[in-house]
Amino acid sequence: MIEFKNVSKSFGSTMALNDVSLVFPRGKIIGLFGPNGAGKSTSIKLIMGLNRPDRGEISVDGEDPQNKKKNLAYLPEIDHLYSWMNIAQAADFTRTFYDDWDEGKYRDLINFLNLQEDMKIAKISKGQRAKAKLLLTVCRRAPYLLMDEPLSGIDILTREEIINTLIRDYREGEQTIIISTHEIAEVESLVDEVIFLDQGKVKLSGNAEDLRIERNMSLVELMKEAFRNAN
Ligand SMILES: Nc1ncnc2c1ncn2[C@@H]1O[C@H](COP(=O)(O)OP(=O)(O)OP(=O)(O)O)[C@@H](O)[C@H]1O
């Protein structure tokens, strides 16, 4: 379980997170939703220890995230792969860093995603880069997978491939996936739990199915309603 207790984080005069308390339950797929600037990336970077909170506490399984780094696999929003590498070299680079690398899964997924090892990062399309980033993240057997906008700027068919990859390989209870995205409609069937952020505050959170039944609405409609009421 990942827990935020009264977490605040500012950048200059911008309050990216404002006294946020929330729980990312273990063994679930959790959608972190919200409009631009809501605080989604900041939350993920705080869990990864890339930023420190100004106030409050963050814990991963009861410990400081710095002590749990090996348990966290991170897909950043930015293009982080070295452009001079091909996919095999990028995989080699990741393999040497992490001892939870699953070679069988890598061999299987590279085919499933229609990627080739000799594809050079500099020369592949944006969608292929998104798939390569996904490949190198999900081939780790880390208990926590944190994905920041894995679908951003990707065409609908590639988005479907990415979502199908996640559904295909996910083993409930064993791994926790946190996925930040604007593409709520597309991940609606994927997520167990949802957290809606807006302007650094939690607007709504809970079990996706319970929320749908309770409010008789899809997650997209729920988000629209939450933000209409907020403004
Ligand atoms: N390094 C930074 N320096 C200055 N301001 C920042 C920095 N990182 C985030 N912010 C600001 O904090 C707020 C929250 O940003 P964050 O990136 O967490 O939002 P987000 O929900 O991920 O948005 P998006 O969907 O646009 O990626 C924004 O107003 C943003 O401009």
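1. E183 lies in the loop between β7 (176–181) and α6 (184–187); helices (H or I, at least four residues) and strands (E, at least two) are DSSP runs, numbered from the N terminus. The structure is a predicted model, in which local features need pLDDT of at least 70 and side-chain atom pairs count only at pLDDT 80 or more, while totals for chains, interfaces and linings use all residues. Residues are numbered from 1 along each chain as its sequence is written.

2. E183 counts as partly exposed, because 19 C-beta neighbours lie inside 10 Å. A residue is buried if 20 or more other C-beta atoms lie within 10 Å of its own, exposed if 12 or fewer, and partly exposed in between, with C-beta atoms placed from the backbone. Leaving aside residues up to four places away in sequence, E183 touches L151 and R159; two residues are in contact if their C-beta atoms, placed from the backbone, lie within 7 Å. The C-alpha atoms of E183 and S13 are separated by 29 Å, and these two residues are 170 residues apart along the chain.

3. Two backbone angles deserve attention. Most residues other than glycine have a negative phi. N6, although not a glycine, has a positive phi of about 50°; N6 belongs to strand β1 (residues 2–11). N6 is exposed, because 12 other C-beta atoms lie within 10 Å. E149 likewise is not a glycine and has a positive phi of about 50°, but its place is in the loop between β6 (144–148) and α5 (156–169). E149 is buried, because 21 other C-beta atoms lie within 10 Å.

4. The ligand is surrounded by F11, T14, A16, G34, N36, G37, A38, G39, K40, S41 and T42, where a residue is near a molecule if its C-beta atom, placed from the backbone, lies within 6 Å of it. The most comes from α1, with three residues. By class the shell has three nonpolar, seven polar and one charged residues. Here Ala, Val, Leu, Ile, Met, Phe, Trp, Tyr, Cys and Pro count as nonpolar, Asp, Glu, Lys and Arg as charged, and the others, Gly among them, as polar.

5. The largest nonpolar core has 56 residues, and those with the most contacts inside it are I30, L135, L145, L146, I178 and I195. Such a core is a set of buried Ala, Val, Leu, Ile, Met, Phe, Trp, Tyr and Cys residues joined through C-beta atoms within 7 Å. Helix α4 (residues 126–138) gives the most to this core, with six residues. L146 touches I44, I47, M48, L72, Y74, L75 and I178, not counting residues up to four places away in sequence.

6. Overall, the protein has eight helices and nine strands. Its radius of gyration is 18 Å, close to the 17 Å that the globule rule gives for 231 residues, so the protein is as compact as a globular protein of that length; the radius is taken over C-alpha atoms, and the rule is 2.2 Å times the number of residues to the power 0.38. Of the 231 residues, 33% count as buried.

7. The unreviewed UniProt entry annotates residues 2–224 as "domain: ABC transporter"; UniProt positions are given in the numbering used here, feature names are shortened, and annotations may be inferred rather than shown by experiment. Over residues 2–224 the chain is 33% helix and 27% strand, with the end C-alpha atoms 27 Å apart.
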